[in-house]
Amino acid sequence: MKILVCISHVPDTTSKINFVNGDSEFDTNGVQFVVNPNDEFGLTRAIWFKEKQGAQVTVVNVGGPETEATLRKALAIGADEAIRVNAVPTDGLFVAKQLAEVVKNGSFDLVIAGKESLDYNGAMVPGMLASLLGYDFVNSCIGLEVDGTSAKAIREIDGGKETIAANLPLVVGGQKGIVEEKDLRIPNMRGIMTARTKALTIVEPIGTVAATKVIRFEKPAPKSAVKLVSPDNLDELVNLLHNEAKVI
């Protein structure tokens, strides 16, 4: 089984976020980047398939040279090889089209992506990728087993879980639960040294035009001061909740 794991290069959650050029661009100065957490859960599950079923695991990213450290970490965790599509990830559809080309050229049986990235939270790429390929798709996946060309997936739904049977090839949008946080792999020294010798292939993007354009970023408004209301003054509480907080 050939598995492709899609890796997003995202800011660490502890990073201070700023924007430049009239709030139209993300300021990367001083920001530490990591493997997108949802992608890391999926990668760990792929490594499990490698160890238990002899699967071959490839990781892929759409991005510039600055993303290669993130791909090397994925290799150190246990992936066999990496592919970097040499393009700026302008929007979800653009990224999905680039990944679809990689899947077609590599004849992958299973594609695992995070259900959404930590930075933009678009939750678009896995579904778009499945549509472009004509593959079955399971989103919000919290459990995955593969037996030959058949797969059994568990996905999170409102108020519970749903178990789905599907056939390979398959695209999965994974999240925490596909493996647990305690099962995530931390690269050891041997893995880091081995990662230096593993193949990292750079491919040029296919010609496609971005469907959207970023106009402006805006930070959330700072939290206002806390207002205390006497428990005897319910009319004032209702007034504040209705006219100021606008929650009732």
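Colleague: Is cysteine 141 buried or exposed?

Modeller: In this predicted model, cysteine 141 is buried, with a relative accessible area of 0%. Cysteine 6 is buried too, at 8%.

Colleague: How many disulfides does the structure hold?

Modeller: The general idea comes first: a disulfide is a covalent bond between the sulfur atoms of two cysteines. Here, a search of the whole structure finds 0.

Colleague: Now the nonpolar residues. Which members of the largest core touch the most others?

Modeller: As a rule, nonpolar side chains in soluble globular proteins tend to be buried together. In this case the largest nonpolar core has 35 residues, and Ile3, Val5, Leu43, Val59, Leu110, Leu144 and Leu170 touch the most other members. Elements that each supply at least two residues include β1 (2-6), α1 (37-53) and β9 (136-147). Another core, of 21 residues, lies apart from that one, and Ile83 and Leu99 are among its members.

Colleague: What is leucine 110 in contact with, leaving aside its neighbours within four places in sequence?

Modeller: Its contacts include Ile3, Phe49, Leu144 and Leu170.

Colleague: And the strands: how do β9 and β10 run?

Modeller: They run antiparallel, joined by 6 bridges. Leucine 144 stands opposite alanine 153 in β10. In their hairpin, with 2 residues between the strands, glycine 148 takes a positive phi near 65°. β10 also pairs with β11 (residues 160-167) in the antiparallel sense, over 8 bridges, and glycine 159 in the turn of that hairpin has a positive phi of about 85°.

Note on methods. Residues numbered from 1 in each chain as written. Predicted model: local features only at pLDDT ≥ 70, side-chain atom pairs only at ≥ 80, totals over all residues. Heavy atoms only, no water. Core = buried A, V, L, I, M, F, W, Y, C linked by side-chain atoms within 4.5 Å. Buried < 20%, exposed > 50% of the residue type's maximum accessible area, 1.4 Å probe, protein only. Helix = DSSP H or I, 4+ residues; strand = E, 2+ residues; numbered from the N terminus. Contact = heavy atoms within 4.5 Å. Disulfide = S-S within 2.5 Å. Pairing = 2+ DSSP bridges.
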